[in-house]
Amino acid sequence: MKKFFVSFCLLGSMVAVKAQDLQTIITDAEVQRVVGTLASDEMEGRRTFTKGIEKAAAFIAAEFKSYGIQPLKGSNQYLQSFAMIRPKFISASGMLNESALDTKQIIAVTCSKDLQVTDKSGYEVAVIAKGANLFGEARKYSGLTKNTIVLVDTSFTNNFGRLAQLKGNMFYSDKSVVFILTPETAIKSITIDAKHDIQEMPLANVVGMIPGKTLPNEYVIFSGHYDHLGINTRNMVNNDSIYNGANDDAAGTTAMMLLAKYYAATKSNDRTLIFAAFTAEEVGGFGAQYFSKQFNPLDVKAMFNIEMIGSESKWGKNSAFITGYEKTDMGKLLQ
Ligand SMILES: [Zn+2]
């Protein structure tokens with residue numbers, strides 16, 4: 001993605017008569033309190049699937065409540081909960097074109113405990129041929145949008161096992177993909193039986209909204225990710241093992257939260273404003289992916305995802321670095 005540099009005076013670009021409100025609502029002390037809480041040792045680095053990130057989510061939700069913003073339509077709470085699926089391999093066996101397959105030749109990416117596939121199961125068949133980009137090709141199927149058997153050429157024998165990484169964290173799907181390491185490029189007959197222990201790992205974004213006064217069905221979204229890297233005792237700094245993540249991205253999350261506080265107090269928004277703290281960014285952007293599926297993109301007029309604004313831009317004060325400048329006219333509007 002191409003990156004562009006945009007320079008603008010943030011305070012000056014807001015409606016001038018609101019400057020008073022802005023300075024009394026978004027104060028230095030308030031920014032320090034919020035970012036300081038998110039980045040405190042008590043949050044243990046906010047790593048996905050830990051107690052620390054749950055504390056951070058509870059803090060953000062309590063703040064949203066204190067600002068008086070609402071949960072998303074159709075929900076009675078700020079936590080937008082979902083699960084990642086982690087299949088743990090138990091066993092796999094099968095036959096392809098009348099030859100038995102070794103366990104090491106089968107990798108099933110599935111949310112089924114007991115996956116059974118035959119030539120009557122209606123699976124599509126794909127081939128990853130010698131010379132192809134194995135992981136690039138394989139990733140096309142890992143979204144589990146279609147039941148597919150993928151025949152992987154034996155020139156990939158050394159790397160084939162690494163395709164098991166595709167089932168590290170997944171959204172639930174009733175579709176499955178089976179990779180088979182084989183010199184065969186077509187299927188005359190097949191039976192596959194793969195067993196997994198299916199673990200569900202809970203996650204939550206924290207989301208609130210302020211209904212718009214005149215255009216309530218049009219959305220403007222402010223977001224930041226509230227997860228970070230957690231604790232790492234093998235890579236300590238001055239005997240400190242907690243990765244506090246003040247800049248990445250307690251800073252952006254704080255900006256999003258204080259904008260919520262500001263707009264809740266001023267009630268000046270024509271469009272509906274949505275405020276989202278995303279989980280699981282560092283492990284694959286799963287929170288943002290789940291969140292984005294809850295909207296019709298045509299209803300979303302603009303979205304600001306705020307990332308790492310805790311240190312001064314290398315272009316100096318009152319400047320920002322924008323990703324995706326060329327994709328919309330938002331950068332120009334900001335300028
Ligand atoms: Zn980040």
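Two residues are in contact here if their C-beta atoms, placed from the backbone, lie within 7 Å. By that rule, and leaving aside its neighbours within four places in sequence, I60 is in contact with V206, Y226, M257 and A277. The model you are looking at is predicted, and I60 is a handy way into its nonpolar core.

**Overall layout**
- The protein has nine helices and 15 strands, and its C-alpha trace spans about 80 × 50 × 40 Å along the principal axes.
- The domain assignment gives domain 1 as 3-70 + 211-334 and domain 2 as 84-200.
- Between the C-alpha centres of domain 1 and domain 2 there are 39 Å.
- Of the 335 residues in the protein, 33% are buried.
- Take the contacts between residues at least 6 apart in sequence: 82% of them join residues at least 24 apart.

**The largest nonpolar core**
- This core holds 72 residues, and those touching the most other members are L38, I60, V152, V178, F179, I180 and F275.
- Strand 9 (residues 190-210) supplies the largest share, nine residues.
- The core lies between the two domains, because domain 1 (3-70 + 211-334) and domain 2 (84-200) both give residues to it.
- As general background, nonpolar side chains in soluble globular proteins tend to be buried together.

- Strand 7 (residues 148-152) and strand 8 (residues 177-181) run parallel and are joined by five bridges.
- V152 has L181 in strand 8 as its bridge partner, and V152 is also among the core residues that touch the most other members.

**Backbone geometry worth a look**
- Most residues other than glycine have a negative phi, and most peptide bonds are trans.
- N238, not a glycine, has a positive phi of about 50 degrees; it sits in the loop between strand 11 (230-231) and strand 12 (242-243).
- N238 is exposed, with 4 other C-beta atoms within 10 Å.
- A280 is likewise not a glycine and has a positive phi of about 55 degrees, in the loop between strand 13 (271-278) and helix 8 (286-292).
- A280 counts as buried, with 26 C-beta neighbours inside 10 Å; the cut-off for buried is 20 or more.
- The peptide bond from D248 to D249 is cis, with omega near 0 degrees, and D249 is found in helix 7 (residues 246-266).

Terms used
Residues are numbered from 1 along each chain as its sequence is written. This is a predicted model: local features need pLDDT of at least 70, side-chain atom pairs count only at pLDDT 80 or more; totals for chains, interfaces and linings use all residues. Domain bounds come from an automatic or database domain assignment. Two strands pair if DSSP finds at least two bridges between them. Helices (H or I, at least four residues) and strands (E, at least two) are DSSP runs, numbered from the N terminus. A nonpolar core is a set of buried Ala, Val, Leu, Ile, Met, Phe, Trp, Tyr and Cys residues joined through C-beta atoms within 7 Å. A residue is buried if 20 or more other C-beta atoms lie within 10 Å of its own, exposed if 12 or fewer, and partly exposed in between; C-beta atoms are placed from the backbone.
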